[in-house]
Every structure is written in structure tokens, then in C-alpha cells.
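Hi everyone, thanks for coming. Let me put the structure up on the screen, and then we'll walk through it together.

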Amino acid sequence: MFYCLYNGHADITGMVDETGKLSEKYYYDEWGLETETLKYGDVTGDGNVNINDYSLLKKYILEESSELTIVSDLNGDGTVDVHDSNILKQIVLKSVRYCPADENRDGFINEKSK
């Protein structure tokens, strides 16, 4: 059995199983249309790019975690390293809006990106 998670607009944002483990995640744009499921910098997969993503990326770089995906390669060089961490830090601090790997500047990993 699965349960739905909703946002403030009554959109289904995720599905969890009986144990509370997230099994599906959905994202929406500002008009309520479903968007791509992967977002650059969303290392934790919670739909937001914030300090939690930065912390998990730092743990990975220090080899304290092995849970990373394509969303972590922010400069698009095929590796996840300190350079990606620096880009994510700038995104979290809002000093930049987009990462170099996001060629079409929509924030999502899709066919329009590298």
C-alpha cells in the first residue's frame, strides 16, 4: 500500500510505502504543471536545493556517503568533486541561479540539457 504526499496546492508531490520510505517524487513548475523528476543540485531528492543537499554532497566528497546521482555533477565533467560542491554552495547562497551543466537554464535534467 502506498500513500500520497501533497503540497499546499493539493498536487501529489510524492508516494511513500507503509514504512514511510519515499518511492516516487514529483515536481511542478510555477503554473502547476508536472516537470522533470530530476533537479540539478537536489542531492537529497526532496525537491528543493538547500543546505541539506550541500551537506550530503560534502559527506560524499569526504567519502562518508555513497548515495549520489547525476544531479550532483553540477559542472558536467562526469565526476562529483569539490568543484561541484563549490557550485552547489553558490546556488544555496543564491549567488548563482544555474549550474554549468544546465545548458538550457531550466534547472532540470532533461533532453534539453547535456
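In the hairpin of strand 2 and strand 3, four residues sit between the strands, and Gly20 there has a positive phi near 95 degrees. When I say strand or helix, I mean DSSP runs numbered from the N terminus: E of at least two residues for strands, H or I of at least four for helices. Strand 3 covers residues 22–25, and strand 2 pairs with strand 3 in the antiparallel sense over three bridges. Pairing here requires DSSP to find at least two bridges between the strands. Within that pair, Val16 is opposite Leu22 of strand 3.

A quick word on where this comes from: it is a predicted model, with local features needing pLDDT of at least 70, side-chain atom pairs counting only at pLDDT 80 or more, and totals for chains, interfaces and linings using all residues. Numbering runs from 1 along each chain as its sequence is written, and side-chain values use heavy atoms, with hydrogens and water left out.

Now the other hairpin. Strand 1, residues 2–6, pairs with strand 2, residues 12–17, in the antiparallel sense over five bridges. Tyr6 is opposite Ile12 in strand 2. This hairpin has five residues between its strands, and Ala10 takes a positive phi near 70 degrees.

Stepping back, the protein has two helices and three strands, in the order β-β-β-α-α along the sequence. How confident is the predictor? The mean pLDDT (the predictor's confidence in each residue, from 0 to 100) is 77, and 83% of the residues reach 70 or more. Confidence is lowest in strand 3, at a mean of 72, and highest in helix 2, residues 82–92, at 88. Please keep in mind that where pLDDT is low, the predicted coordinates should not be read in detail.

Of the 114 residues, 32% are buried, meaning under 20% relative accessible area, with exposed over 50% and partly exposed in between, using a 1.4 Å probe and protein chains only.

Let me show you two aspartates, starting with Asp53 in helix 1, which spans residues 51–61. Is Asp53 buried or exposed? Asp53 counts as buried because its relative accessible area is 0%. And what does its side chain reach? The side chain of Asp53 comes to 2.9 Å from the backbone nitrogen of Val43, and one of its polar atoms lies 2.8 Å from the backbone nitrogen of Asn50. Beyond neighbours within four places in sequence, Asp53 has contacts (heavy atoms within 4.5 Å) with several residues, including Gly41, Thr44, Asn48 and Leu88. Asp53 and Leu88 are 35 residues apart along the chain, and their C-alpha atoms are separated by 8.0 Å.

The second one, Asp73, lies in the loop between helix 1 and helix 2. Asp73 is also classed as buried, because its relative accessible area is 14%. A polar atom of its side chain lies 3.3 Å from the backbone nitrogen of Gly76, and the backbone nitrogen of Asp77 lies 3.3 Å from a polar atom of the Asp73 side chain as well. Not counting residues up to four places away in sequence, Asp73 touches Tyr40, Gly78 and Asp84, among others.

That's my tour. If you'd like to look again at the screen, start with Asp53 in helix 1 and then go to Asp73 in the loop between the helices.

Methods
A polar contact is a pair of N or O atoms within 3.5 Å; within protein, one must be able to donate a hydrogen and the other to accept it, and residues adjacent in sequence count only if both atoms are side-chain atoms.
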